[in-house]
Amino acid sequence: MNTETLRTGEERLMNRAEILDTAGVIKKKIEDVFPFRDESERDAFVTATEQVAFGTTEMRHAEFVRAVTNALDVLKNSHTHLRRALQGSMDDIEFERIKNVVHSRILDDSIGYVCVGQWLLNKKGENTGDEAWEAIQKLGDISSLIIDVRENGGGNSEAASNLAGHFLSADTKYTRVLRRHSPNTIEIDEDDAIVNARRPFSDTPIVILTGPRCLSSNEMFILMLKDTGRAITVGGKTGGGSGNADSVPLMLGNIPYELLVSSWRIRRLNGEELEGRGIAPDIEVQVSDTFDNEDRVLRRAVEHLKEVPR
């Protein structure tokens, strides 16, 4: 779709019927799925959505998107928003792309280092979790391991657990998942999330490098190893957002959009919610916004691992 087509679509007027219909679809999906914290949060969203639906008899598509975005902001949830529809499917990811987001090398004192840029899994089952494990094995006899996920914004939690499972000797509870009991009530069901142990098992000491760009399934990976006591984290606080979003396709004029709606909330084993709070590191490293050739977070992780008894 070219730029002129998008601009024309954004400027096209929606009539009263279109506004009511589209706002109604959005309102119903969120009322059916979103894990509201309480009735007041649901009521605030309903009020905000009704203001969009009944506030005017017509508006341009771009104005409608902004109005819906403002209504969704009431929920303060990073996985619930309206966006342009993405082209293609995550299921169709080529193996070459999966390989390209994993990098590994040996550091001082036989410390292994692996960087995972995204948790990807395709319809063939190829995934970055298995690729990262293979890369670690190719490093040979390492004394300890640094897993760098600072630039990883999430992806597929199964791919994440495929790597994490190699560092746990048994199936392990790592967080609590809060979902709606049914569309007819805001009552919440709370269940344990389990990461399955995988073979071969590695008891190598682990440090995970974290920062504010860590989100979603990547934060799940961090919880799998940090909150189970298997790894420590070094760096900065994570972004704080995991929602396992449902997708609803919408057409606004000739422009395809999708509504993403969070279907769960995460409550950590210590009782804290993840959304909007993030995961504080065990060892915090302040990073300057100015350009600096030195990777202070990586240096501090290496220093820590050198202090670990062998």
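Modeller: Let's start with the word cavity: on a 1 Å grid over the protein atoms alone, a cavity is a set of points where a 1.4 Å probe fits but cannot get out, and its lining residues have an atom within 4 Å of a point. This is a predicted model, so local features need pLDDT of at least 70 and side-chain atom pairs count only at pLDDT 80 or more, while totals for chains, interfaces and linings use all residues. Residues are numbered from 1 along each chain as its sequence is written, and side-chain values use heavy atoms, with hydrogens and water left out.

Biologist: How many cavities of 30 Å³ or more does a search of the whole structure find?

Modeller: Rolling a probe the size of a water molecule over the atoms shows where empty space is left. Here the search of the whole structure turns up one cavity of 30 Å³ or more. The volume of the largest cavity is about 40 Å³, counted as the space filled by probe spheres set on the points, with grid points joined across faces, edges and corners.

Biologist: Which residues line the largest cavity?

Modeller: Look for I26, F45, T49, V52, V68, A71 and L72. That lining splits into six nonpolar, one polar and no charged (Ala, Val, Leu, Ile, Met, Phe, Trp, Tyr, Cys and Pro count as nonpolar; Asp, Glu, Lys and Arg as charged; the others, Gly among them, as polar). Helix 3 (39-54) and helix 4 (61-72) each give at least two residues to the lining; helices (H or I, at least four residues) and strands (E, at least two) are DSSP runs, numbered from the N terminus.

Biologist: At what angle do helix 2 and helix 3 pack?

Modeller: Two packed helices are described by the angle between their axes and the distance between the axes. For helix 2 (residues 16-33) and helix 3, the angle is about 165° and the axes lie 8 Å apart. That makes helix 2 roughly antiparallel to helix 3 (over 145 degrees, on a scale from 0 to 180 degrees between N-to-C directions).

Biologist: How many residues of helix 8 are buried?

Modeller: Buried means under 20% relative accessible area, exposed over 50%, and partly exposed in between, with a 1.4 Å probe and protein chains only. In helix 8 (residues 217-226), 10 of its 10 residues are buried, including E219, F221 and K226. Across the protein chain, buried residues make up 47% of the 310 residues.

Biologist: And D130, where is its place?

Modeller: D130 sits in helix 6 (residues 128-138). D130 is partly exposed, at a relative accessible area of 30%.

Notes. 1 Å grid on protein atoms, 1.4 Å probe; cavity = no way out; pocket = protein on both sides within 12 Å on 5 of 7 lines; lining within 4 Å. Parallel < 35°, antiparallel > 145°, perpendicular 65-115°, else oblique.
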